[in-house]
Amino acid sequence: DGCGHLVTYQDSGTMTSKNYPGTYPNHTVCEKTITVPKGKRLILRLGDLDIESQTCASDYLLFTSSSDQYGPYCGSMTVPKELLLNTSEVTVRFESGSHISGRGFLLTYASSDHPDLITCLERASHYLKTEYSKFCPAGCRDVAGDISGNMVDGYRDTSLLCKAAIHAGIIADELGGQISVLQRKGISRYEGILANGVLSRDGSLSDKRFLFTSNGCSRSLSFEPDGQIRASSSWQSVNESGDQVHWSPGQARLQDQGPSWASGDSSNNHKPREWLEIDLGEKKKITGIRTTGSTQSNFNFYVKSFVMNFKNNNSKWKTYKGIVNNEEKVFQGNSNFRDPVQNNFIPPIVARYVRVVPQTWHQRIALKVELIGCQITQGNDSLVWRKTSQSTSVSTKKEDETITRPIPSEETSTGINITTVAIPLVLLVVLVFAGMGIFAAFRKKKKKGSPYGSAEAQKTDCWKQIKYPFARHQSAEFTISYDNEKEMTQKLDLITSDMAG
């Protein structure tokens, strides 16, 4: 097997020869068929090709489709950086004989929906524009190459673009995706951090740096230490003075000084029995989490891996799963007691309650956490009805939906002013009763021989005339429809009905 790193998704992927960027092995064959959705054309981009042979007799790279052949390529021959095929499927074949050196190849691909495809080896320093957008394929996280910096201060321009985008939580490695890049003046020092399985390094002064534009849902979500943080257990230690030190769940906020939360169980049997639970008070959009260990140098405790559970009011706990394999996703945690680690949720978690469930740890489970995200607002969550009126509303939250019903206010949701309807109605009723009084006084003067007929008949006819005007009512029926896959919209039917007295 001469195949190396291989990550494929629905419409993009990355592939390398074995040992890349080291020397590929002798006498091996790598053959894989890659596809994009039918009806799309396949784009191939060669990020690197270093094959020792000059004749392509025994060492070569070849692409074959049902109707065409591209290659073989080897040696110092001119190789196209990009191939746009007239098919959605191609077989990649890499063969090696006896050789001394050569890195082999690195290949990325995507469907024709992404003409701005780049490889995992592109760096920001390759581009001169101050703003640009590119498509990163799936599978760039584990490709060799450094990045320096972080998602807040930016990245040194020598950093790999797609690996930096994964580090920043802009795209998921298993999916790839579109990135929007802003180039800015460099800074004197870049601080590295472990995030989303990628370790960025500290970097020195550079002329330029770059940042990514995002959806803005990346602020710290607040929660109070008392009442909003719970845990399965907590630990009490004794300090040098003989005093008890509480490692309670209320100490689990990343921004707070002092010891972290630590579990009462110090066994290292790797059974996920312990958890730390956070109540955000209401349903929110959670896009990431930052964690540290104990933060205390004399207590080298930290969580090495964890899973995330979440739920809403009156619902069952659910486990966050990976997009591609739909299996429980295990996040890479801390590697020491001190340095923070960030993991992003792509797609985000939309929930009120979350639990961090440690899977592996060092010596004892110890955690400080910070949740990243934003309020659920118009346009950033498909489960929320987009409110288009100014009426006051009451929200009833369920596991998978948010229903909002109007309550009486000065203005209805269609903009009809209730006052303008009520005043004429009151005046009409006053006039009717005044007319009845005048009619009664007039009838007293004519006790007998009334040309208008009997009193009972007059009464009946009068009531027939005035019955409906003041007995007429208006009622409003509001129907709210929603779709879990699309943004909820309000449907308003105003029904006017005649009601008999």
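Let me begin with Asn326, which is found in the loop between strand 26 (318-319) and strand 27 (331-332). This is a predicted model, and in it Asn326 has a positive phi of about 55° although it is not a glycine. With a relative accessibility of 52%, Asn326 counts as exposed.

Is Asn196 buried or exposed? Asn196 counts as buried, because its relative accessibility is 14% and the cut-off for buried is under 20%.

Staying with the backbone, I would like to point out two cis peptide bonds. One runs from Tyr20 to Pro21, with omega near 5°, and Pro21 lies in the loop between strand 2 and strand 3. Another runs from Gly71 to Pro72, again with omega near 5°, but here the proline, Pro72, is found in a strand, namely strand 6 (residues 69-73).

Five strands form an open sheet in the order 1-2-9-4-7, and the pairing is antiparallel. Which strands stand at the edges? They are strand 1 (3-8) and strand 7 (82-84), and since each has a single partner strand, one side of each is left without a neighbour in the sheet. From one strand to the next, the twist averages 15°. If we look at the pairing of strand 1 with strand 2 (residues 12-17), we find that the two run antiparallel and are joined by 4 bridges, and that Cys3 has Ser17 in strand 2 as its bridge partner.

Let me turn to charged side chains, for the structure holds 18 salt bridges. One of them is formed by Lys40 and Asp113, whose closest N and O atoms are 3.2 Å apart. This pair links distant parts of the chain, 73 residues apart, with Lys40 in the loop between strand 3 (29-35) and strand 4 (42-50) and Asp113 in the loop between strand 9 (104-111) and strand 10 (131-136). Lys40 is partly exposed, with a relative accessible area of 30%, and Asp113 is partly exposed as well, at 44%.

In another salt bridge, the side chains of Asp48 and Arg103 meet at 2.7 Å, N to O. Here too the pair links distant parts of the chain, Asp48 being in strand 4 and Arg103 in the loop between strand 8 (89-95) and strand 9, 55 residues apart. Asp48 counts as buried at 13% relative accessibility, whereas Arg103, at 33%, counts as partly exposed.

Elsewhere, salt bridges that share partners join Glu31, Arg93 and Glu95 into one network.

I will finish with Ser260, which is found in the loop between strand 22 (244-247) and strand 23 (261-262). At 0% relative accessibility, Ser260 counts as buried. Leaving aside neighbours within four places in sequence, Ser260 is in contact with residues including Trp247, Gln251, Gly293, Ala366 and Lys368.

Conventions
Residues are numbered from 1 along each chain as its sequence is written. This is a predicted model: local features need pLDDT of at least 70, side-chain atom pairs count only at pLDDT 80 or more; totals for chains, interfaces and linings use all residues. Side-chain values use heavy atoms; hydrogens and water are left out. Buried means under 20% relative accessible area, exposed over 50%, partly exposed in between (1.4 Å probe, protein chains only). Contact means heavy atoms within 4.5 Å. Two strands pair if DSSP finds at least two bridges between them. Axes are lines fitted to C-alpha atoms, for helices over the stretch in contact, and angles run from 0 to 180 degrees between N-to-C directions. A salt bridge is a side-chain nitrogen of Lys or Arg within 4 Å of a carboxyl oxygen of Asp or Glu.
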